[in-house]
Amino acid sequence: MSAANDTKFKFAVFLLTGIPGQEHIYLWISIPFCIMEISLDGCFAQLFFIHSLQCIESSVLLLMAFDRFIAICNPLRYTSILTLPRIAKMALVCAVRGVALIFPLPFLVKRFQYCRVNVLSHSYCLHQEVMKMACADITVNNLYGLSVALLTMGLDSLLILLSYMMILKTVLSVTSTMESLKALNTCVSHLCAVLLFYIPEIGLALIHRFGNSSSYFLQIALGYVYMLVPPLINPIVYSVKSKHLRVRIIRAFVK
């Protein structure tokens with residue numbers, strides 16, 4: 001769609017794109033992509049669920065870091081500190097935090113008129129991209145989105161880093177090298193999951209807010225890495241530490 005410079009109107013839909021620059025393969029992926037002319041309300045609902053689940057996942061990674069901290073730094077009190085009721089309360093707080101912080105976003109973007117190009121660069125809706133399509137001042141959205149990112153992913157990653165610094169301090173104080181390695185080995189899966197989640201997420205947020213046109217392909221690539229890689233790789237990351245599951249996986253591939 002196009003509009004004259006002095007004409008403003010509201011789009012009825014956003015167009016989600018696949019892989020810009022690779023249009024020659026669209027024939028093969030036309031069936032799933034032909035149903036992606038998404039409505040404005042559908043787009044706003046989608047960005048709410050994407051960002052709220054993202055906040056909840058960040059909180060879960062923080063709770064897992066806390067679990068490793070208690071298990072290594074205070075093992076004798078592990079069962080008394082992490083009781084089932086306390087774990088349930090922490091999980092509830094994580095879910096409420098994610099929903100409460102993201103809940104205003106759909107309403108903040110719904111109030112705008114959209115008169116610019118309505119083609120999104122991803123095959124899903126993100127707040128930081130949708131708000132740029134508005135023909136209005138987006139300062140409030142920009143500041144609120146940045147504040148939410150700092151209060152969730154920023155704060156959680158900082159606390160995870162702090163917990164691992166304390167874990168490392170405790171491990172280094174152990175005289176036995178084997179015991180130190182054994183303790184650190186229990187954290188490998190979680191560290192991999194943290195890196196898989198935060199690196200593409202932080203990179204995508206920075207590119208959307210501060211990147212220029214030269215980073216367009218990187219933006220697309222990070223968008224797919226952020227959405228697809230963690231859920232695909234996390235089961236492997238966590239199962240590879242289990243000897244029983246590792247043997248079953250090897251047998252499946254050998255056959």
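How close do the axes of H2 and H7 come, and at roughly what angle do they cross?

What we have here is a predicted model, where local features need pLDDT of at least 70, side-chain atom pairs count only at pLDDT 80 or more, and totals for chains, interfaces and linings use all residues. Residues are numbered from 1 along each chain as its sequence is written, and side-chain values use heavy atoms, with hydrogens and water left out.

So, the overall layout. The protein has eleven helices and three strands; helices (H or I, at least four residues) and strands (E, at least two) are DSSP runs, numbered from the N terminus. Starting at the N terminus, the order is β-α-β-α-α-α-α-β-α-α-α-α-α-α. Of the 255 residues, 36% are buried, where buried means under 20% relative accessible area, exposed over 50%, and partly exposed in between, using a 1.4 Å probe and protein chains only.

Back to my opening question. The axes of H2 and H7 come within 9 Å and cross at roughly 15°. Axes here are lines fitted to C-alpha atoms, for helices over the stretch in contact, with angles from 0 to 180 degrees between N-to-C directions. That makes H2 roughly parallel to H7, a label for angles under 35 degrees.

Now stay with H7, which covers residues 139-172 and includes Lys-169. Is Lys-169 buried or exposed? Lys-169 counts as exposed, because its relative accessibility is 67%.

Next, the inside. The structure holds one cavity of 30 Å³ or more, and the largest cavity has about 130 Å³ of space. A cavity is a set of points on a 1 Å grid over the protein atoms alone where a 1.4 Å probe fits but cannot get out, and lining residues have an atom within 4 Å of a point. There are 14 lining residues, and His-51, Gln-54, Gln-128, Gly-145 and Ala-149 are the closest to the centre. Which helix gives the most to that lining? That would be H7, with four residues. H2 (40-73), H6 (127-130), H7 and H9 (188-210) each supply at least two.

One last stop: Cys-94, in helix H4 (residues 84-102). Cys-94 is buried, because its relative accessible area is 10%. Cys-94 and Ile-56 are 38 residues apart in sequence, yet 5.8 Å apart in space, C-alpha to C-alpha.

Conventions. 1 Å grid on protein atoms, 1.4 Å probe; cavity = no way out; pocket = protein on both sides within 12 Å on 5 of 7 lines; lining within 4 Å. Points joined across faces, edges and corners; volume = space filled by probe spheres on them. Parallel < 35°, antiparallel > 145°, perpendicular 65-115°, else oblique.
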